[in-house]
Amino acid sequence: MLPAGHDVEAEAARLEALLRYRILDTPPEQVFDDLVDLAATVCYTPVAAIALVAADRAWLKAKRGVGFTEFPRDSSLASEALQHSDVFVVRDAFIDERYRESAVVVAGFRFFAGMPLISPEGHAIGTVCVLDKRPRDLSTEQKDALRAIARQAMSQLELRRVSEAESVARFRFRALVEQLPGGVYTEDFGAASGSYFSPSIEKITGYSAQEWMSDPDFFSRVLHPDDRERVLRAFAHAHESFEAIRIEYRIIAKSGEVVWIQDDGAAARDDDGKPLHFQGFMADATARKQNELQLLEERANAFERERAQNDRLRSLDRMKDEFVALVSHELRTPLTSIRGYLELVLDDAEQLSSDHQEFLQIVDRNVDRLLHLVSDLLLVAQADAGKLMFDWAEVDLGPLVAECVQAAQPAAERAGIELVTERATSRPIVGDPARIAQLLDNLISNAIKFTPGGGVVAVTVDSSGDSAVLEVRDSGLGISAEEQEQLFERFFRTRSATELAITGTGLGLSIAKAIVDAHGGTISVESAEGAGTTFRVVLPLVQAAQPASTRSISGA
């Protein structure tokens with residue numbers, strides 16, 4: 001029963017504080033019995049007790065000199081003592097009408113003294129009390145002793161509560177740890193093996209937790225010999241530096257099998273950040289490592305297959321180039337012979353009918369086309385083989401451009417295209433005049449073929465810094481951005497060339513690039529569909545070029 005005038009909320013908080021200690025109705029404990037004996041001895045009383053006051057009763061955790069363990073709260077002097085902050089003394093309860101109904105008086109006790117048990121939050125949860133059947137008082141020293149005993153009893157209650165909480169936490173932690181798929185361990189700093197291992201370690205290694213903890217060198221013994229030095233050195237550094245570690249290594253399991261472990265460890269610290277011990281988690285990484293090794297092996301095999309395939313392709317490419325060079329060379333001789341005899345026949349063509357003369361002209365044009373094709377194939381093959389020869393000399397580009405433009409005028413006139421030289425002034429370069437002329441012929445020929453009648457093809461040559469700049473610009477069909485990236489590849493033909501059936505082999509621009517590269521220059525294109533095309537060639541001027549000599553493309 002709640003005393004009259006007592007604050008309901010305060011009482012609820014006091015009871016909640018008492019219940020947190022989980023002390024009511026627990027078996028006797030020696031530490032509390034000793035405190036009761038000490039109180040009785042110091043105060044020279046036959047009876048002493050530690051009384052905890054619940055909602056409706058006072059229960060004795062420890063007692064001396066009485067047989068009962070609890071009595072109603074409303075008849076308890078222990079309950080009265082809770083209303084005081086210091087030692088509460090009743091010298092003679094028989095002469096005080098307030099206590100005539102008290103269980104203490106009913107039991108024949110006249111003297112009572114109690115010191116409240118005050119929790120850290122300030123709640124009085126019970127008393128340390130002493131009783132006697134004769135009237136008496138306590139000395140100052142006895143009151144001080146009773147205060148000290150009450151503080152000690154409260155400290156024991158706190159320790160008991162913390163210990164119980166830790167036990168619950170440890171139980172929950174162990175339950176959690178034992179369900180983890182890997183092994184949890186703790187070890188002292190500097191130790192070679194752990195002082196605790198969770199039972200799960202046996203599932204991974206075959207060795208029980210007890211076996212792991214039985215030998216300080218156990219970890220070293222089960223480490224794979226190839227990993228031992230590296231792993232022990234890494235853990236020693238982690239212990240000394242208190243740094244976290246993540247490491248993979250192999251363990252020789254109890255069955256003799258090799259088990260891959262991923263170990264994540266770190267220093268455990270207290271609330272102030274002070275290192276306490278080292279702890280970690282060992283996970284079985286065998287399946288993952290096997291998959292990784294299998295993947296690496298598959299990648300290595302794939303790489304080897306790709307390398308072999310590349311070797312075969314290079315070999316086939318080399319054989320193709322050699323075949324093209326051989327065929328081109330072998331075709332050149334009979335074609336040259338056919339061309340020679342054809343010219344002899346054409347010299348006397350007036351003796352033939354007009355039909356036969358036209359047939360001969362058709363043969364002449366096709367022989368000429370075949371000779372150009374064979375020459376281009378042979379040149380490409382030589383360039384790929386690094387055997388393209390150049391006769392280096394000082395070249396004046398102005399006259400060379402004029403000659404190439406003049407040579408292309410008949411073709412431009414037949415196509416209805418205006419072919420002009422807009423500017424042709426430049427300082428000399430070192431180059432092969434025949435190859436530069438071939439470069440210009442290819443670019444001008446392409447411009448004419450891809451420009452509709454009525455269009456314009458313009459050729460310019462100028463100097464810019466240490467370089468000569470050649471440009472061939474047309475007002476023709478233009479080239480898409482996607483196709484521009486492939487223009488200088490062998491045998492590449494644009495979509496418009498295919499759709500409009502424009503003649504060509506797709507070798508001209510690859511030959512042009514090979515010639516430019518051999519001269520230490522660059523070739524680029526600017527174009528847009530329907531807006532014409534400009535090819536720009538940049539070549540080093542004579543003072544920046546090497547001395548004239550004869551060398552192959554491989555030395556360019």
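Two strands count as paired here if DSSP finds at least two bridges between them. Keep that in mind for the sheet. One caution before we go on: this is a predicted model.

Now one pairing in detail. Strand β1 covers residues 47–53, and strand β2 covers residues 57–64. The two run antiparallel, and 6 bridges join them. To find your place on screen, look for I50: it stands opposite A62 in β2.

Next, what lies across these strands?

On to the aromatics. How many aromatic pairs does the structure hold? The count is 11. Take F219 and F235 as one of them. Their centres are 5.8 Å apart, with 85° between the planes. That makes the pair edge-to-face. It links distant parts of the chain. F219 is in helix α8, residues 218–222, while F235 is in helix α9, residues 225–241. The two residues are 16 apart.

F219 comes in at 8%, so it counts as buried. F235 comes in at 7%, so it counts as buried too.

Both belong to a cluster linked by ring pairs. Its members are Y185, F197, Y207, W212, F218, F219, F235, Y249 and F278.

Two lysines also deserve a look. K133 lies over the face of F109, 5.4 Å from the ring centre. The charged end of K289 sits over the ring of W260, at 4.6 Å from its centre.

Last topic: cysteines. A disulfide is a covalent bond between the sulfur atoms of two cysteines. How many disulfides does this structure hold? The number is 0. Two cysteines to click on are C43 and C404. C43 has 1% relative accessibility, so it counts as buried. C404 has 4%, and that also makes it buried.

That's the tour. Thanks, everyone.

Methods. Residues numbered from 1 in each chain as written. Predicted model: local features only at pLDDT ≥ 70, side-chain atom pairs only at ≥ 80, totals over all residues. Heavy atoms only, no water. Helix = DSSP H or I, 4+ residues; strand = E, 2+ residues; numbered from the N terminus. Phe/Tyr/Trp six-rings, centres within 6.5 Å; stacked < 30°, edge-to-face > 60°. Buried < 20%, exposed > 50% of the residue type's maximum accessible area, 1.4 Å probe, protein only. Lys NZ or Arg CZ within 6 Å of the ring centre and 35° of its normal. Disulfide = S-S within 2.5 Å.
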